[in-house]
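Thank you all for making time this morning. I would like to walk you through one protein chain, going from its overall layout down to a few single residues, so please keep the display in view while I talk.

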Amino acid sequence: MALLTVDQWANSVNGKYIDHDGIPAGNIYQCHDLWIDYLMRVAGGTQSMGYAPSGFTDSVFTNFPVNGLDAKVTRTSGTSGIRKGDVIFWGYGAANYPYSHVAIALAAPSGGSVLCMSQNPGASQKLTLTLAGALGYLRPKNLPTDPTPQPDPKEITVKSYHRENRTTRPIAPGQRLYLIDSGNAKENCVGGNGPYSLTAHLYGNGFAPGDVLEFRFESVTVATGAQSDHYLERVSADVNGGIRASREFKLDVPVGTRVHFSVYAATTNAKTGSMIVIDSDAYLFSVA
Ligand SMILES: [Ca+2]
(Lines give C-alpha, C1' and ligand atoms only; values in the text may rest on other atoms or scores of the structure.)
Protein backbone atom coordinates (compact mmCIF):
# COMPACT_ATOMS: atom_id res chain seq x y z
CA MET A 1 0.00 0.00 0.00
CA ALA A 2 1.24 3.39 -0.90
CA LEU A 3 2.37 5.52 1.96
CA LEU A 4 0.23 8.42 3.06
CA THR A 5 1.01 12.04 3.54
CA VAL A 6 0.65 13.40 7.05
CA ASP A 7 -2.64 15.00 6.11
CA GLN A 8 -4.01 11.90 4.43
CA TRP A 9 -3.06 9.84 7.43
CA ALA A 10 -4.53 12.32 9.93
CA ASN A 11 -7.81 12.34 8.03
CA SER A 12 -7.84 8.57 7.92
CA VAL A 13 -7.51 8.13 11.68
CA ASN A 14 -9.36 11.17 12.94
CA GLY A 15 -12.22 10.08 15.20
CA LYS A 16 -11.22 6.42 15.03
CA TYR A 17 -9.95 3.97 17.60
CA ILE A 18 -6.67 2.49 16.43
CA ASP A 19 -5.15 -0.72 17.73
CA HIS A 20 -2.27 -2.75 16.33
CA ASP A 21 -1.40 -5.21 19.05
CA GLY A 22 -4.51 -6.14 21.00
CA ILE A 23 -2.98 -4.99 24.24
CA PRO A 24 -3.31 -3.97 27.00
CA ALA A 25 -6.50 -5.78 27.85
CA GLY A 26 -8.07 -2.93 29.80
CA ASN A 27 -7.80 -0.43 26.94
CA ILE A 28 -6.32 -1.67 23.72
CA TYR A 29 -6.48 1.79 22.11
CA GLN A 30 -3.25 3.38 23.28
CA CYS A 31 -1.31 6.36 22.11
CA HIS A 32 1.38 3.87 21.18
CA ASP A 33 -0.96 2.27 18.64
CA LEU A 34 -1.32 5.58 16.87
CA TRP A 35 2.45 5.86 16.67
CA ILE A 36 2.68 2.36 15.20
CA ASP A 37 -0.01 3.27 12.70
CA TYR A 38 1.86 6.41 11.69
CA LEU A 39 5.18 4.60 11.50
CA MET A 40 3.79 1.98 9.14
CA ARG A 41 1.50 4.06 6.97
CA VAL A 42 3.44 7.33 6.69
CA ALA A 43 7.09 6.63 7.58
CA GLY A 44 7.17 3.25 5.85
CA GLY A 45 8.39 1.35 8.90
CA THR A 46 7.28 -1.91 10.43
CA GLN A 47 5.40 -2.58 13.60
CA SER A 48 8.49 -4.13 15.21
CA MET A 49 10.49 -0.97 14.60
CA GLY A 50 8.04 0.89 16.80
CA TYR A 51 8.58 -1.45 19.72
CA ALA A 52 8.75 0.08 23.19
CA PRO A 53 11.18 -2.04 25.25
CA SER A 54 10.02 -0.82 28.65
CA GLY A 55 6.38 -1.33 27.91
CA PHE A 56 5.84 2.41 28.04
CA THR A 57 5.82 4.30 24.79
CA ASP A 58 8.54 6.78 25.76
CA SER A 59 11.11 4.00 25.60
CA VAL A 60 10.78 4.16 21.81
CA PHE A 61 12.54 7.47 22.21
CA THR A 62 14.78 6.77 25.21
CA ASN A 63 16.04 3.45 23.82
CA PHE A 64 16.24 4.66 20.24
CA PRO A 65 16.91 2.89 18.03
CA VAL A 66 15.55 -0.58 18.39
CA ASN A 67 14.78 -2.97 15.58
CA GLY A 68 16.24 -0.69 12.94
CA LEU A 69 13.93 2.24 13.58
CA ASP A 70 16.75 4.62 12.66
CA ALA A 71 16.37 3.52 9.06
CA LYS A 72 13.05 5.33 8.96
CA VAL A 73 13.25 8.25 11.36
CA THR A 74 15.71 10.66 12.86
CA ARG A 75 15.76 11.50 16.54
CA THR A 76 16.02 14.95 18.08
CA SER A 77 16.10 15.69 21.79
CA GLY A 78 14.08 18.63 23.04
CA THR A 79 11.26 20.48 21.38
CA SER A 80 13.17 22.98 19.28
CA GLY A 81 12.39 22.66 15.60
CA ILE A 82 9.25 20.56 15.92
CA ARG A 83 7.17 20.73 12.79
CA LYS A 84 4.26 19.02 11.17
CA GLY A 85 4.76 15.29 10.89
CA ASP A 86 7.13 14.93 13.84
CA VAL A 87 6.36 12.29 16.43
CA ILE A 88 6.60 13.76 19.91
CA PHE A 89 7.31 11.67 22.99
CA TRP A 90 6.50 12.72 26.53
CA GLY A 91 8.50 11.07 29.28
CA TYR A 92 7.27 8.69 31.91
CA GLY A 93 6.35 10.81 34.93
CA ALA A 94 5.43 13.91 32.92
CA ALA A 95 2.84 15.95 34.78
CA ASN A 96 0.19 15.48 32.14
CA TYR A 97 1.27 12.01 31.07
CA PRO A 98 2.47 10.04 34.07
CA TYR A 99 2.76 6.89 31.95
CA SER A 100 4.33 8.75 29.05
CA HIS A 101 2.71 9.70 25.78
CA VAL A 102 3.27 9.93 22.07
CA ALA A 103 1.43 12.03 19.51
CA ILE A 104 2.01 13.25 15.99
CA ALA A 105 2.46 16.97 15.45
CA LEU A 106 0.15 18.44 12.83
CA ALA A 107 1.74 21.88 12.95
CA ALA A 108 4.67 23.72 14.44
CA PRO A 109 4.26 24.51 18.14
CA SER A 110 2.81 27.78 19.27
CA GLY A 111 3.15 29.22 22.75
CA GLY A 112 4.40 26.05 24.38
CA SER A 113 1.79 23.75 22.96
CA VAL A 114 1.33 21.95 19.71
CA LEU A 115 -1.57 20.67 17.65
CA CYS A 116 -1.35 16.91 17.44
CA MET A 117 -3.15 13.81 16.36
CA SER A 118 -3.45 11.97 19.64
CA GLN A 119 -5.16 8.86 20.98
CA ASN A 120 -5.98 7.87 24.56
CA PRO A 121 -7.81 9.19 26.30
CA GLY A 122 -10.51 8.84 23.68
CA ALA A 123 -10.36 8.11 20.00
CA SER A 124 -7.70 9.53 17.72
CA GLN A 125 -8.36 13.23 17.49
CA LYS A 126 -6.78 16.59 16.96
CA LEU A 127 -5.74 18.00 20.30
CA THR A 128 -3.53 20.86 21.33
CA LEU A 129 -1.07 19.39 23.81
CA THR A 130 1.36 21.12 26.09
CA LEU A 131 5.00 20.47 25.37
CA ALA A 132 5.76 20.31 29.08
CA GLY A 133 7.46 17.02 29.76
CA ALA A 134 8.21 16.35 26.10
CA LEU A 135 11.50 14.51 25.62
CA GLY A 136 11.96 15.07 21.95
CA TYR A 137 10.75 13.87 18.63
CA LEU A 138 11.27 11.46 15.80
CA ARG A 139 11.00 12.67 12.26
CA PRO A 140 10.22 10.36 9.36
CA LYS A 141 13.05 10.50 6.87
CA ASN A 142 10.66 10.40 3.96
CA LEU A 143 8.78 13.54 4.85
CA PRO A 144 9.41 16.42 2.53
CA THR A 145 12.18 18.50 3.96
CA ASP A 146 11.57 22.13 4.51
CA PRO A 147 12.63 24.08 1.53
CA THR A 148 15.68 26.03 2.52
CA PRO A 149 14.28 29.45 3.26
CA GLN A 150 15.10 31.63 0.33
CA PRO A 151 15.11 35.35 0.70
CA ASP A 152 12.26 36.77 -1.26
CA PRO A 153 13.23 38.49 -4.45
CA LYS A 154 14.02 42.00 -3.48
CA GLU A 155 10.99 44.08 -3.86
CA ILE A 156 11.15 47.78 -3.55
CA THR A 157 8.10 49.35 -2.05
CA VAL A 158 7.45 53.05 -2.09
CA LYS A 159 5.41 55.11 0.30
CA SER A 160 4.61 58.63 -0.67
CA TYR A 161 3.91 61.66 1.46
CA HIS A 162 2.55 64.75 -0.16
CA ARG A 163 2.49 68.10 1.62
CA GLU A 164 1.42 71.30 0.04
CA ASN A 165 0.60 74.85 0.81
CA ARG A 166 -1.38 76.85 -1.71
CA THR A 167 -1.69 80.04 0.20
CA THR A 168 -0.28 83.00 -1.66
CA ARG A 169 2.35 84.50 0.57
CA PRO A 170 4.72 87.38 -0.10
CA ILE A 171 8.41 86.74 0.28
CA ALA A 172 10.67 89.71 0.64
CA PRO A 173 14.42 89.73 0.03
CA GLY A 174 16.08 87.94 2.94
CA GLN A 175 12.85 86.26 4.03
CA ARG A 176 12.26 82.55 4.52
CA LEU A 177 8.91 80.82 4.05
CA TYR A 178 8.29 77.34 5.34
CA LEU A 179 5.97 74.78 3.96
CA ILE A 180 3.35 74.98 6.69
CA ASP A 181 0.14 73.26 7.53
CA SER A 182 -3.24 74.91 8.07
CA GLY A 183 -2.24 75.66 11.66
CA ASN A 184 0.89 77.48 10.47
CA ALA A 185 3.11 74.76 11.88
CA LYS A 186 6.05 73.54 9.86
CA GLU A 187 5.02 70.49 7.91
CA ASN A 188 6.92 67.29 8.47
CA CYS A 189 7.58 66.25 4.90
CA VAL A 190 8.31 62.62 5.74
CA GLY A 191 6.35 59.83 7.36
CA GLY A 192 9.02 57.70 8.97
CA ASN A 193 12.66 56.81 8.78
CA GLY A 194 14.46 55.43 5.79
CA PRO A 195 15.87 56.48 2.47
CA TYR A 196 13.87 59.17 0.77
CA SER A 197 13.60 60.91 -2.48
CA LEU A 198 12.28 64.38 -1.79
CA THR A 199 10.97 66.62 -4.50
CA ALA A 200 9.95 70.16 -3.79
CA HIS A 201 7.96 72.36 -6.15
CA LEU A 202 7.85 76.10 -6.10
CA TYR A 203 5.46 78.33 -8.00
CA GLY A 204 5.66 82.03 -7.55
CA ASN A 205 5.49 85.33 -9.35
CA GLY A 206 6.07 89.02 -8.94
CA PHE A 207 9.81 88.73 -8.72
CA ALA A 208 12.31 90.61 -10.78
CA PRO A 209 13.88 88.58 -13.57
CA GLY A 210 16.94 86.86 -12.15
CA ASP A 211 15.84 87.12 -8.53
CA VAL A 212 17.07 84.10 -6.66
CA LEU A 213 15.14 81.67 -4.50
CA GLU A 214 16.73 78.88 -2.56
CA PHE A 215 15.25 75.44 -1.81
CA ARG A 216 16.09 74.03 1.57
CA PHE A 217 15.23 70.79 3.25
CA GLU A 218 16.33 70.60 6.85
CA SER A 219 16.18 67.66 9.18
CA VAL A 220 15.37 68.16 12.84
CA THR A 221 16.09 65.63 15.57
CA VAL A 222 12.88 65.69 17.55
CA ALA A 223 14.42 64.69 20.87
CA THR A 224 17.07 67.39 20.90
CA GLY A 225 15.80 69.97 18.46
CA ALA A 226 19.13 69.75 16.68
CA GLN A 227 18.79 70.91 13.13
CA SER A 228 20.87 70.36 10.09
CA ASP A 229 20.39 72.16 6.85
CA HIS A 230 20.54 70.12 3.77
CA TYR A 231 20.21 70.26 0.13
CA LEU A 232 20.29 73.84 -0.74
CA GLU A 233 19.67 74.67 -4.32
CA ARG A 234 19.10 77.97 -6.02
CA VAL A 235 16.76 78.88 -8.83
CA SER A 236 16.20 82.15 -10.63
CA ALA A 237 13.05 83.93 -11.65
CA ASP A 238 12.37 83.90 -15.36
CA VAL A 239 12.07 86.91 -17.62
CA ASN A 240 8.52 87.47 -16.41
CA GLY A 241 9.52 87.33 -12.75
CA GLY A 242 8.01 83.89 -12.37
CA ILE A 243 9.35 80.87 -10.56
CA ARG A 244 8.40 77.43 -11.80
CA ALA A 245 10.84 75.00 -10.36
CA SER A 246 11.13 71.49 -9.03
CA ARG A 247 14.16 69.93 -7.45
CA GLU A 248 14.79 66.44 -6.22
CA PHE A 249 16.95 65.56 -3.24
CA LYS A 250 18.01 62.27 -1.70
CA LEU A 251 17.94 62.09 2.04
CA ASP A 252 18.36 59.25 4.50
CA VAL A 253 16.04 60.07 7.38
CA PRO A 254 17.00 58.60 10.77
CA VAL A 255 14.48 57.51 13.36
CA GLY A 256 13.01 60.40 15.32
CA THR A 257 13.65 62.99 12.68
CA ARG A 258 11.36 65.50 11.05
CA VAL A 259 12.10 67.08 7.73
CA HIS A 260 11.00 70.63 6.99
CA PHE A 261 11.06 72.46 3.72
CA SER A 262 11.49 76.14 3.21
CA VAL A 263 12.20 78.63 0.48
CA TYR A 264 14.47 81.59 0.98
CA ALA A 265 14.61 84.79 -1.01
CA ALA A 266 18.11 86.08 -1.58
CA THR A 267 18.91 89.40 0.05
CA THR A 268 20.00 90.67 -3.32
CA ASN A 269 16.56 90.17 -4.85
CA ALA A 270 15.14 93.28 -6.46
CA LYS A 271 11.50 92.68 -5.64
CA THR A 272 9.20 91.11 -3.07
CA GLY A 273 7.49 88.35 -4.97
CA SER A 274 4.78 85.92 -3.96
CA MET A 275 4.89 82.22 -3.45
CA ILE A 276 1.71 80.67 -4.76
CA VAL A 277 2.45 77.01 -4.24
CA ILE A 278 5.04 75.35 -2.06
CA ASP A 279 4.80 71.63 -1.98
CA SER A 280 6.81 68.58 -1.26
CA ASP A 281 6.56 65.00 -2.38
CA ALA A 282 8.51 62.56 -0.29
CA TYR A 283 9.00 59.00 -1.43
CA LEU A 284 10.20 56.47 1.07
CA PHE A 285 11.89 53.47 -0.49
CA SER A 286 12.15 50.24 1.34
CA VAL A 287 13.40 46.89 0.24
CA ALA A 288 11.03 44.20 1.42
CA1 LIG B 1 -2.96 -1.48 21.60
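Predicted model: local features only at pLDDT ≥ 70, side-chain atom pairs only at ≥ 80, totals over all residues.

**Overall layout**

Taken over C-alpha atoms, the centres of domain 1 and domain 2 lie 67 Å apart. Domain 1 covers residues 6-140 and domain 2 covers residues 156-287, where such bounds come from an automatic or database domain assignment. Residues are numbered from 1 along each chain as its sequence is written.

The secondary structure comes to 3 helices and 15 strands; these are DSSP runs numbered from the N terminus, with helices being H or I of at least four residues and strands being E of at least two. The radius of gyration is 36 Å, well over the 19 Å that the globule rule gives for 288 residues, so the protein is more spread out than a compact globule. That radius is taken over C-alpha atoms, and the rule is 2.2 Å times the number of residues to the power 0.38. Along its principal axes, the C-alpha trace spans about 105 × 35 × 30 Å.

**A sheet and a helix**

Let me turn to an open sheet of 6 strands, which has the order β1-β6-β2-β3-β4-β5 and antiparallel pairing; two strands pair if DSSP finds at least two bridges between them. At the edges stand β1 (73-77) and β5 (125-130), each with a single partner strand, so one side of each is left without a neighbour in the sheet. Within the sheet, β2 (residues 87-92) and β3 (residues 99-105) pair in the antiparallel sense over 5 bridges, and I88 has A103 in β3 as its bridge partner.

Which helix lies across β2, β3 and β4? That is helix α2 (residues 31-41), and its direction runs at about 35° to β3, with axes being lines fitted to C-alpha atoms, for helices over the stretch in contact, and angles running from 0 to 180 degrees between N-to-C directions. Contact here means that the C-beta atoms of two residues, placed from the backbone, lie within 7 Å.

Of the 11 residues of α2, 10 are buried, so this helix is largely enclosed by the rest of the structure. A residue is buried if 20 or more other C-beta atoms lie within 10 Å of its own, exposed if 12 or fewer, and partly exposed in between, again with C-beta atoms placed from the backbone. The cover over the buried residues of α2 includes α1, α3, β2, β3 and β4.

**Cores**

The largest nonpolar core has 39 residues, of which W35, Y38, I88, F89, I104 and C116 touch the most other members; such a core is a set of buried Ala, Val, Leu, Ile, Met, Phe, Trp, Tyr and Cys residues joined through C-beta atoms within 7 Å. Helix α2 gives this core its largest share, 7 residues. Apart from this core lies another, of 24 residues, including V190 and F261.

**Two asparagines**

Finally, N120 is found in the loop between β4 and β5, and a cis peptide bond, with omega about 5°, joins N120 and P121. Both N120, with phi near 70°, and N184, with phi near 65°, have a positive value in a residue other than glycine. Are these residues buried or exposed? N120 is buried, with 22 other C-beta atoms within 10 Å, whereas N184 has 9 C-beta neighbours inside 10 Å and counts as exposed.
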